[in-house]
Amino acid sequence: MGVCSLIQRPIVLSLCVGIALGGCARGPSGASVSPLLASPSQTLPGTGETIDRALAFARKKKIQHVVVIVQENRSVDNLFNGFPGANTVPYGKNSFGQTILLRQERLQTRFDLSHKHGAFLVEYAFGKMDGFNLEGVICRRHCPDKSTAAYAFINHKEVAPYWQMAQQYVLADNTFQTNEGPSFPAHQYLISGTSTIAGNSQYRASENPTNKQHQPDEGGCDSATTARADIIDAAGHERRGPFPCYDRASIMDLMDAAGASWKYYEAYNGAGLWNAVDAIKQIWQKPEFRTNVISPSKQFFKDLAKGDFANLTFITPTAAASDHAMKNNGTGPAWVASLVNAIGKSPYWNTTAIFVTWDDWGGWYDHVKPPQYNSYELGMRVPLIVISPYANTRYVSHKQHEFGSILKFTEEMFNLGSLGTTDVRADDLADCFNFGQAPRHFAAIPTTLGPSYFSSQRDSREVPDDDL
């Protein structure tokens, strides 16, 4: 269907006409050409039109707030199976060449699937994408058949808020988790475009850290002194790595250098797999750390209401409000909808871009073979929902994106320069936006649970991930 394909075909002309409107142009092959990446007075193939890069950048400056909401452990085939216009399938292949029909599964499962780097390699199966029947299963009771556990999808009615967001705005169905492993390194990629243990190191953190007692709730500069995360080298060999407190740049460092504000909301402060900023040594050591890194996550609602809204905001959930298998209580979609609704109803809606993504695929089946750039990149597809008054309407983006795409978008919004990591090769999500359009009125995402429900919940330090 191409990069500019839409759920409703008639909308194509209104969104993809002419560069003057900031839409997407089509070249002779039908591929989209991003006007926001064109150089001054460059002629775009197949259009005969030119665009002023300075004008395009000025349009981008309409965004003063970028919000990244990070959910947990779902693939595109698992969470958005059957979504109109999206590339999903109702079945998969196993290692015996058999066709396995994807079965319906609850979001709140009694089991979890391994999503370590080794699990990725097993499922990827040298590009054949047929090793999901060999997946490891973590289960205490009422365990599923291991050979079919990963072949599952979630009924769209159970995750209706996600589908509502995607239907109103943009679903990017060709977004890949940048790393091939679990949550801790994935969250490092989300803020740095890499999980290297130092800025110039060839070694990447590849697994979740554990301490001497092999307990999983570690990660960051305030971890137990015995905490270590496995690392991977260029040849794909894993070994025990150093203490998980890294001397490496992040998007937060670039924001600080530019004089722009940022906040990172997490369920609890301290060591944790999802507490990404806690693992960046130079940020963790700053006095401002305690004012920029905030817990619990539900504090976001209060901060927004009083006008304390940073230029860049990351929000991570509690284990219960996450979509993590065997850990969630089914409220994840409502949690995300509540955050989006709070922003949409605020005075900041017209200047905000929201990205809802999932940190890793969670071991769930996905049929699209990820490109392989090196021994640890790219991982499986994960959903990405793009929400903004300037986001395209009912649009499915088939353009290739990754976590670095969110970083590049943020870098361009605030003129930050580049981290020099995976943001360099990544696109900037330009096909998801039309900055020439008037800001859209916000329509609330229907949900039975709102901010009051989450504000009344007890703070939790439940270990979010037991994938050891």
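The largest cavity is lined by 11 residues, among which Ala267, Tyr268, Trp274, Asn275 and Pro317 lie nearest its centre. On a 1 Å grid over the protein atoms alone, a cavity is a set of points where a 1.4 Å probe fits but cannot get out, and lining residues have an atom within 4 Å of a point. The model is predicted: local features need pLDDT of at least 70, side-chain atom pairs count only at pLDDT 80 or more, and totals for chains, interfaces and linings use all residues. Residues are numbered from 1 along each chain as its sequence is written, and side-chain values use heavy atoms, with hydrogens and water left out.

A search of the whole structure finds 1 cavity of 30 Å³ or more. The volume of the largest cavity is about 60 Å³, a volume being the space filled by probe spheres set on grid points that are joined across faces, edges and corners. Its lining has 7 nonpolar, 3 polar and 1 charged residues (Ala, Val, Leu, Ile, Met, Phe, Trp, Tyr, Cys and Pro count as nonpolar, Asp, Glu, Lys and Arg as charged, and the others, Gly among them, as polar).

A pocket is an open set of points with protein on both sides within 12 Å along at least five of seven lines. The largest pocket has a volume of about 260 Å³. It is lined by 18 residues, and Thr318, Ala320, Ala321, Gln457 and Arg458 are the closest to its centre. By class, 8 residues of this lining are nonpolar, 6 polar and 4 charged.

The second largest pocket holds about 160 Å³ of space. Its lining includes Lys157, Glu158, Pro333 and Leu449, and by class has 6 nonpolar, 4 polar and 2 charged residues.
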